[in-house]
Amino acid sequence: MKATYIDYKDTNSFSQTLLAYLDGDPKLAPFYGYRPTIENFDKQIAEKSSFPKATRKLLVEQLQLQYAGLLETAPLVAQQIAALGDAQTFTVVTGHQLNIFTGPLYFIFKIVSAIRLARDLKKAYPDKHFVPVYWMATEDHDFAEINHTRVHGKKVSWDTPAISATGRMSTADIAATVREYIGMLGLSGYSQDLAQLVENAYLKNRSLADATRTLVHELFKEYGLLIVDADRPALKQVFAPIIEQDILSENSFQAIEATSAELNKEGFATQVNAREINFFYLTDEYRERIVRTADGRFEVLHQQRYFSEVELRQEIASHPERFSPNVVMRPLYQELILPNLAYIGGGAEIVYWLQLKGNFDQYQIPFPILVPRNSAIITDDSVVGKIFRLDLTLKSIFKPLDVLKNDYVRRYTKHRLTLRDEWMELNAIFGKMKLRTHKIDPSLGPSTEAVKARLKKAINSLEKKLLKADKRNHQDGLIQIERVKDRLFPGGGLQERSENFATLYVKYGDELIEELVTYFNPLDFKFTILY
């Protein structure tokens, strides 16, 4: 593959807040820790160097249990788990929901970004060890977001009743969905390899968490990726003191509300809203919000279950695994149990992390360096060749379809499609008219301007008609532009946000991930085009 890089702002696909963060806008400086530069990781390492030895030991034990049966053929992963017990080992984390068959391409891009950043850090700090981690969002309960994926634009869904946290859902009835997905892979290239990976993951495991771990492990085990499922009693026990304090004192609500207000004051849109209590009560049957009632008790919504303050303290102490953090508290839990330096997330994630700095500060937990995941389009020489033959560039192809078409016609037309010269002449005439009417009656000036405005509107409309008429003379080129746009931007959006990795894996096999690791540069903040 070959790679071309362009600025994120030239893609017209990312929020102004993310672009401001990448540009180092000083107005955002109070809302994060260190800037994402290779030099600043030295400071982040120093902040995280006091990570508790007991937590490291617990983490190693828990991962060894979670990887039961998977480590025999993955010696590098086993070494990575053991390395977490060493005070000189640190993690680089990305997280995502348990999308079936990995969901959209950016799932893969997130993990590759973490792997590549860990490698880059090792080169910069050879006396330290850096482990890429995928944090599975096993406690998330938004099943509708993860129960489908798209291959060649066709949607394949797992239609089953959602219960509790998605990581705990059984995959017993997913076989038909697996067969449908495999049927989309065809018979060429590496289709059989991918089919076997998917069958082994989803048809031989009891839960969606197990299935996701198995598939992602097989794809990335040669790169030393560790996969963490934090929905475990022993890990939640570390979090228990914060769970109790936060529910009873509503600390996170106050801190995040204050930070969000400051962001809004500086002109930045916020992504999430904190609640007074930012925890759910979690069982195998349900995951429901906890709210404080008027009489001071704590209610599990829709379950007719109540706790007094004393009972709540006892429940947290005895069963911390039943208290599931929401989107604003999960990052705090992550940073509490991992010796982590950086979080790699999508644009929306980076924005909501900016709302969390005050909450980290009040709990005295180091805030990680925020690194936007790599974003990319993957295509081939034939498509790139068409782009160049159409006299377009890999940068201009991000423009809206109508703009590309109009520019193409204006570039190749044999006619003059603008009425700019004619309007300049008319504008001069209106200047004379306005002067004459003013001499007769100064109040007629607005009437003259109104006539001019109506004529200008009519001239603009006529220009559009000229352009539209001339498009008929360039149909072949315009059709080619449409096809290129459809290929690179399925459904009008970025390829990575809709298409599954399947078609690319079928074509390239394991080389796909190797090429992504080679060409992604997480700290360069450039959009990657691979072909």
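This is a predicted model: local features need pLDDT of at least 70, side-chain atom pairs count only at pLDDT 80 or more; totals for chains, interfaces and linings use all residues.
# Reading packing and burial

Author: Start with a helix pair. Leu401, Leu404, Lys405, Tyr408 and Val409 in α16 meet Gly477, Leu478, Ile481, Glu482 and Lys485 in α19. Contact means heavy atoms within 4.5 Å. Helices are DSSP runs of H or I, at least four residues, and strands are runs of E, at least two, numbered from the N terminus.

Reader: Which hand does the crossing of α16 and α19 have?

Author: Look at the near helix. Turned anticlockwise from the far one by less than a right angle, it gives a left-handed crossing; turned clockwise, a right-handed one. Here α16 passes α19 in a right-handed crossing. By class, their contact has six nonpolar, one polar and three charged residues. Nonpolar covers Ala, Val, Leu, Ile, Met, Phe, Trp, Tyr, Cys and Pro; charged covers Asp, Glu, Lys and Arg; the others, Gly among them, are polar.

Reader: How do α9 and α12 pack?

Author: Helix α9 (residues 233-249) and helix α12 (residues 330-337) pack at about 120°, with axes 10 Å apart. They are therefore oblique to each other. Their crossing is right-handed. From α9 come Leu235, Lys236, Val238, Phe239 and Ile242; they meet Leu332, Tyr333, Leu336 and Ile337 in α12. This contact divides into eight nonpolar residues, no polar and one charged.

Reader: And what angle do α7 and α8 make?

Author: Helix α7 (residues 191-202) packs with α8 at about 150°, axes 8 Å apart. That makes α7 roughly antiparallel to α8. The crossing of α7 and α8 is right-handed. α7 supplies Leu197, Asn200, Ala201 and Tyr202, and α8 supplies Leu208, Ala211, Thr214, Leu215, Glu218 and Leu219. The classes in the contact of α7 with α8 are seven nonpolar, two polar and one charged.

Reader: Now burial. Is Ser113 buried or exposed?

Author: Ser113 sits in helix α5 (residues 106-124). It counts as buried because its relative accessibility is 0%. Beyond four places in sequence, Ser113 touches Ile344, Arg373, Asn374, Phe520 and Pro522.

Reader: Is His96 buried or exposed?

Author: His96, in strand β2 (residues 89-96), is buried at 10% relative accessible area. His96 and Tyr106 are ten residues apart along the chain, with 9.8 Å between their C-alpha atoms.

Reader: Is Gly491 buried or exposed?

Author: Gly491 is exposed, at 91% relative accessible area. Find it in the loop between α19 and α20. Gly491 and Gly153 are 338 residues apart in sequence, yet 8.3 Å apart C-alpha to C-alpha.

Reader: Which residues touch the most other members of the largest nonpolar core?

Author: A nonpolar core joins buried Ala, Val, Leu, Ile, Met, Phe, Trp, Tyr and Cys residues through side-chain atoms within 4.5 Å. The largest has 146 residues; Tyr181, Tyr202, Phe220 and Ile247 touch the most other members. Apart from that core lies another, of 16 residues, including Ile45 and Ile344. Outside four places in sequence, Phe220 contacts Ile108, Ile111, Val112, Ile115, Leu225 and Ile513.

Reader: Which residues of α21 are buried?

Author: In helix α21 (residues 511-519), they are Leu512, Ile513, Glu515, Leu516 and Val517. They pack against α5, α8 (208-220), β14 (376-378), α20 (502-508) and β15 (526-530).

Reader: How many helices and strands does the whole protein have?

Author: It has 21 helices and 15 strands. Of its 531 residues, 54% count as buried. Its C-alpha atoms fill a box of roughly 90 × 60 × 50 Å along the principal axes.

Definitions and conventions. Residues are numbered from 1 along each chain as its sequence is written. Side-chain values use heavy atoms; hydrogens and water are left out. Buried means under 20% relative accessible area, exposed over 50%, partly exposed in between (1.4 Å probe, protein chains only). Axes are lines fitted to C-alpha atoms, for helices over the stretch in contact, and angles run from 0 to 180 degrees between N-to-C directions. Angles under 35 degrees count as roughly parallel, over 145 as roughly antiparallel, 65 to 115 as roughly perpendicular and the rest as oblique.
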